[in-house]
Amino acid sequence: MATRILPLELIDKAIGSQIWILMRGTKEMVGTLRGFDDYVNLVLDDAVEFTPDPSDPTKAIRTELKTEVLLNGNQITVLIPGGSGPPEDSMAARSS
């Protein structure tokens with residue numbers, strides 16, 4: 001029988017490693033996970049935010065955030081431990 005792992009245990013294993021986060025709407029984040037709580041509020045270092053370019057939805061705007069970032073768990077839809085970020089066409093695929 002396979003061993004069960006709880007969601008918070010999986011997130012705990014990702015502390016200190018890179019994580020790709022899909023937020024509600026079209027925003028995506030990549031950063032180093034530093035901590036989290038029971039509500040899945042996350043603290044990230046070395047975060048990069050990806051948002052669609054309003055003038056050209058086939059392109060993403062990449063913004064490097066220079067400080068620690070606290071993400072509200074209610075806005076997070078998908079966590080991808082070890083993920084390096086969106087492929088070049090991910091936002092284009094969603095917006096068309």
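This is a predicted model: local features need pLDDT of at least 70, side-chain atom pairs count only at pLDDT 80 or more; totals for chains, interfaces and linings use all residues.
**Notebook: salt bridges and their surroundings**

I started with lysine 66, which is exposed at a relative accessible area of 75%. My scale here: buried is under 20% relative accessible area, exposed is over 50%, and partly exposed lies in between (1.4 Å probe, protein chains only). Residues are numbered from 1 along each chain as its sequence is written, and side-chain values use heavy atoms, with hydrogens and water left out.

Next, the partner. Lysine 66 makes a salt bridge with glutamate 64, with 4.0 Å between the closest N and O atoms. The rule I use is a side-chain nitrogen of Lys or Arg within 4 Å of a carboxyl oxygen of Asp or Glu. Glutamate 64 is partly exposed, at 46% relative accessible area. I then saw that shared partners join Arg62, Glu64 and Lys66 into one salt-bridge network.

How many salt bridges does the rule give? I get five.

I looked up lysine 27 and glutamate 49, whose side chains form a salt bridge at 3.2 Å, N to O. This pair links distant parts of the chain, 22 residues apart: lysine 27 is in the loop between strand E1 (18-23) and strand E2 (28-36), and glutamate 49 is in strand E3 (residues 42-53).

Then I checked aspartate 45 and arginine 34, a salt bridge with the closest N and O atoms 2.7 Å apart. Here too distant parts of the chain are linked, with aspartate 45 in strand E3 and arginine 34 in strand E2, 11 residues apart. Aspartate 45 is buried, with 18% relative accessible area; arginine 34 is partly exposed, with 40%.

Last, the whole protein. I count two helices and six strands, in the order α-β-β-β-β-β-β-α along the sequence. These are DSSP runs numbered from the N terminus: helices are H or I with at least four residues, strands are E with at least two. Of the 96 residues, 33% count as buried. Among contacts (heavy atoms within 4.5 Å) between residues at least 6 apart in sequence, 51% join residues at least 24 apart. The accessible surface comes to about 6300 Å², and 53% of that belongs to carbon and sulfur atoms. I have areas from the Shrake-Rupley method with a 1.4 Å probe; for residues, only the protein chains shown count as cover.
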